[in-house]
Amino acid sequence: MRSIHKQPRILLVNPVTPASYWGLQGSTWFIGAKASHVPLSLITIAALLPRDWELKLVDMNVERRLKDTDVEWADAVLLTGMIIQRESLHEVLRRCAEKGVSTVVGGPFVSSSPDAKELTEASSLVIGEAEDGNVIDRLTEDLRAGTLQKRYQAVGRPHLSASPTPRFDLLRRGAYCALGIQVSRGCPHGCEFCNIRMLFGRKPRYKSPEQVTTELQAVYKTGYRGNVFFVDDNFIGNFRKAKAILHAVRDWQDSNGRPFLFFTEADVRLAKHDDLIELMTKAGFYAVFVGFESPSDEALKTSAKTQNVGIDAKAVVRHLRSNGLMVFGGFIVGFDTDGPDCARLVGELIEDSSIDFAMPGMLIAIPGTPLEQRLRKEGRLVDIGSEGDNFVMTNVLPKGMSQSELLRIYRELIEKLYHPKHYFNRAYAALAEWKQSAVRRTAKREYMAVVKSILRQGIFSSYSLYYWKFILRTLFGNPRKFSRAFAMAICGHHFIVYTRKEVLPKLLKAERMLLAQEATSQLAG
């Protein structure tokens with residue numbers, strides 16, 4: 001390690017996130033942004049470091065590249081990363097190693113796969129949550145002294161009172177479609193395919209209401225106005241604590257002119273608690289992501305998604321919408337009990353429920369999950385390289401069909417869902433059913449987004465007919481929801497273009513390769 005400056009220079013790097021449905025990369029241009037989501041973990045780490053240290057943040061999804069001069073400036077480079085970012089993460093680690101700059105890596109990828117080959121060039125790994133005093137205190141001392149250890153392991157689940165207000169001031173102004181805060185970690189459910197319980201535990205831990213409003217104030221001070229993502233994996237893991245936070249957020253919004261709208265993730269139990277839904281809309285929540293996964297109770301039972309067993313998903317969607325919350329939905333095809341008709345059934349559920357923001361993916365075994373451990377024992381895992389994206393490939397050998405058949409039915413599902421006609425029909429039906437409750441002022445850059453949408457989608461796109469039908473129906477049928485209609489149209493641009501240009505070609509190529517392999521195997525047999 002090189003000699004350390006008196007006030008250490010720390011470079012915080014967020015690696016490239018490849019295009020995905022979640023990334024909404026095709027929609028950021030409309031709003032004048034560079035990326036959809038902020039590197040919340042890095043700016044939280046920044047807040048844990050001594051205030052007199054020199055810090056620089058490079059989000060490669062915003063800056064597009066990491067300069068050699070930035071690496072050479074730093075005494076150490078701190079990185080985060082999800083599985084899908086591992087290729088870019090590996091490249092940054094290689095570049096830092098070549099220049100003799102120490103690196104410290106944390107995040108979900110490290111915590112679930114600390115022995116992954118992409119991490120071999122890292123100087124240090126942080127496994128678990130950095131707020132653990134055993135981690136951050138030792139790491140800070142060792143960074144200052146230039147004596148980094150190979151691994152720093154959190155020994156427990158730190159109370160979130162130890163989590164500081166993130167350094168929102170480090171973010172490039174206007175670079176993101178939405179800012180984000182986190183108010184809880186952990187989930188009471190034990191879904192076999194999910195790694196949240198492994199990473200953060202089964203008992204939800206919450207920040208205090210005062211911490212949450214302090215973070216909102218910090219976001220407000222940056223000058224940002226718009227949507228804020230509560231990035232919790234299950235905001236309603238603890239109903240009582242969620243309600244206490246909502247009361248505080250509602251009061252803060254009232255005192256500050258309601259500058260934000262919020263969206264978050266929650267489980268299906270939310271639909272049974274009208275008091276909680278009402279609190280959410282009064283606090284400024286307009287949407288919620290719900291993991292429905294499958295219309296098959298058998299699939300839900302075998303994957304331990306027991307909280308969804310026996311529910312009427314369409315009724316849940318209808319109830320949430322009619323009470324003020326737009327619904328985004330997550331779905332999975334390829335469970336062990338799924339047959340070739342599973343994609344059709346998922347598609348019918350999405351269409352019948354008019355979920356515009358629908359995220360169906362193939363089942364993927366995330367490292368460290370009960371699913372991955374079971375399938376490894378059964379010899380049913382396949383290497384998909386650095387893809388790590390369940391919208392493009394699965395690392396699971398399915399039971400109820402061949403690999404090529406799974407890819408085919410999934411490809412057909414995606415192709416239909418994100419055909420412009422079907423997308424805009426669902427979007428209009430969802431908008432018509434939605435009872436608009438939470439409101440905020442339109443941000444300045446959103447006016448320009450409307451102009452860009454009309455030009456790119458209404459004039460220069462191949463789907464302009466469906467676009468105008470949707471916009472005009474909203475204008476004359478639901479004029480109060482006009483601004484939301486443009487947001488849905490802009491998101492639709494990403495879904496439609498990404499599906500056509502990236503997802504379908506990759507799926508078709510993989511499907512053909514698998515068919516050839518299966519044919520060769522049959523001939524050899």
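Of the 525 residues in the protein chain, 56% are buried. The structure is a predicted model, and the values reported here are computed from it.

The secondary structure of the protein chain consists of 20 helices and 14 strands. The radius of gyration is 23 Å, close to the 24 Å that the globule rule gives for 525 residues, so the protein chain is as compact as a globular protein of that length. The C-alpha trace spans about 70 × 65 × 45 Å along its principal axes. Among contacts with a separation of 6 or more, 77% are accounted for by residues 24 or more positions apart.

Charged side chains were also counted. The protein chain carries 71 positive and 57 negative side chains. The centres of these two sets lie 5 Å apart.

L508 is found in helix α20, which covers residues 482–524. The relative accessible area of L508 is 29%, so this residue is classed as partly exposed, a class that lies between the limits of 20% for buried and 50% for exposed residues. L508 and R408 are 100 residues apart along the chain, and their C-alpha atoms are separated by 7.8 Å.

Terms used:
Residues numbered from 1 in each chain as written. Predicted model: local features only at pLDDT ≥ 70, side-chain atom pairs only at ≥ 80, totals over all residues. Heavy atoms only, no water. Helix = DSSP H or I, 4+ residues; strand = E, 2+ residues; numbered from the N terminus. Rg over C-alpha atoms; globule rule 2.2 N^0.38 Å. Buried < 20%, exposed > 50% of the residue type's maximum accessible area, 1.4 Å probe, protein only. Contact = heavy atoms within 4.5 Å. Lys, Arg positive; Asp, Glu negative; His and termini not counted. Charge placed at Lys NZ, Arg CZ, Asp CG, Glu CD.
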